[in-house]
Amino acid sequence: MTDNKAKYEERMNRINTAIALKEPDRVPIIPFAQCYPVLHVGQGPIMDKMGLKFIQWAGQKGSIVPDNCIHQFVEKEELSQQ
């Protein structure tokens with residue numbers, strides 16, 4: 001087994017142990033980087049400027065996303081079959 005694969009397996013085992021509510025060898029941390037703009041800038045202005053059509057976000061005009069959520073992907077066909 002390669003060194004990287006062993007490290008990956010070790011980390012996944014740590015996460016799965018914590019999910020199973022058992023005590024891991026150390027506390028796993030999974031950063032949720034996409035929350036940074038939401039918490040520190042507010043996501044609406046950034047998302048509006050980017051002109052994204054495939055997601056809706058809390059505070060967006062006409063959005064169905066509740067205020068306690070980050071975003072919701074809008075599933076629709078982007079390319080036609082032709």
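Colleague: What share of the 82 residues in the protein chain is buried?

Modeller: Buried residues make up 15% of the 82. Buried means under 20% relative accessible area, exposed means over 50%, and partly exposed lies in between (1.4 Å probe, protein chains only). This is a predicted model, where local features need pLDDT of at least 70, side-chain atom pairs count only at pLDDT 80 or more, and totals for chains, interfaces and linings use all residues. Residues are numbered from 1 along each chain as its sequence is written, and side-chain values use heavy atoms, with hydrogens and water left out.

Colleague: What pattern does the protein chain follow along the sequence?

Modeller: The pattern is α-α-α-β-β. That is three helices and two strands. Both kinds are DSSP runs, numbered from the N terminus: helices are H or I with at least four residues, strands are E with at least two.

Colleague: What makes the span of α1 close to the expected one?

Modeller: The expected span is 1.5 Å times one less than the number of residues. α1 has 17 residues and reaches 24 Å from its first C-alpha to its last.

Colleague: Why is Thr-17 called buried?

Modeller: Thr-17 has 17% relative accessibility. The cut-off is under 20%, so Thr-17 counts as buried. Thr-17 sits in helix α1. Leaving out residues up to four places away in sequence, Thr-17 touches Lys-22, Glu-23 and Pro-24. Such a contact means heavy atoms within 4.5 Å.

Colleague: And why is Leu-21 called exposed?

Modeller: Its relative accessible area is 79%. That is over 50%, so Leu-21 is exposed. Leu-21 lies in the loop between α1 (3–19) and α2 (35–40).

Colleague: Which parts does the pair tie together?

Modeller: Phe-54 lies in the loop between α3 (43–50) and β1 (55–57), and Phe-73 in strand β2 (residues 71–73). These parts are 19 residues apart in sequence. Phe-54 is partly exposed, at 41% relative accessible area.
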